[in-house]
Amino acid sequence: MSVPSKSNKTWTDIVTGKKTYQLKFLAAKILLGRLTHAVKDDPSPGNIQKSIDQLHALFSKNAHMPNVQEDIKTIFG
């Protein structure tokens, strides 16, 4: 399963906390918690993009794992 492009608007919605999901991949859950707090403190476009880059990299690196594939399906349909 491929990870949607970083330009997909849903990534922004996730790191800004606009949309929330119950993630099964623990590492993503932990990272996302940290990233949403960081974006809340500094909602600049640069910080949002940096957060998207980190989350996208985590999903891409672990895209072969069943929990990650389920999370991608849950988030992006």
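A salt bridge is taken here as a side-chain nitrogen of Lys or Arg within 4 Å of a carboxyl oxygen of Asp or Glu. The structure is a predicted model, and a search of the whole of it finds 4 salt bridges.

One of these pairs joins lysine 6 to aspartate 53, with 3.5 Å between the closest N and O atoms. Because lysine 6 belongs to the segment before α1 and aspartate 53 to helix α3, the pair ties together parts that are 47 residues apart in sequence. Lysine 6 is partly exposed, its relative accessible area being 37%. Aspartate 53 is also partly exposed, at 28%.

A second pair is formed by glutamate 70 and lysine 24, whose side chains meet at 3.0 Å, N to O. This pair, too, links distant parts of the chain, since glutamate 70 lies in helix α4 and lysine 24 in the loop between α1 and α2, 46 residues apart. Glutamate 70 is partly exposed, with a relative accessible area of 34%.

A network of salt bridges links Lys9, Asp13 and Lys19.

The largest nonpolar core comprises 20 residues, and Trp11, Val15, Leu55 and Phe59 have the most contacts inside it. Two or more residues are given to this core by each of the helices α1 (9–15), α2 (26–41), α3 (45–61) and α4 (66–76). Leaving aside residues up to four places away in sequence, tryptophan 11 touches Val3, Pro4, Ser5, Lys6, Ile52, Leu55, His56, Phe59 and Phe76. Among these neighbours, Leu55 and Phe59 are also listed with the most contacts inside the core, while Lys6 is the residue that forms a salt bridge with aspartate 53.

The largest pocket holds about 150 Å³ of space. The residues that line this pocket are Ile14, Gly17, Lys19, Thr20, Tyr21, Gln22, Leu23, Lys29, Leu32 and Thr36. Helix α2 provides the largest share of the lining, 3 residues.

Methods
Residues numbered from 1 in each chain as written. Predicted model: local features only at pLDDT ≥ 70, side-chain atom pairs only at ≥ 80, totals over all residues. Heavy atoms only, no water. Core = buried A, V, L, I, M, F, W, Y, C linked by side-chain atoms within 4.5 Å. Buried < 20%, exposed > 50% of the residue type's maximum accessible area, 1.4 Å probe, protein only. Helix = DSSP H or I, 4+ residues; strand = E, 2+ residues; numbered from the N terminus. Contact = heavy atoms within 4.5 Å. 1 Å grid on protein atoms, 1.4 Å probe; cavity = no way out; pocket = protein on both sides within 12 Å on 5 of 7 lines; lining within 4 Å. Points joined across faces, edges and corners; volume = space filled by probe spheres on them.
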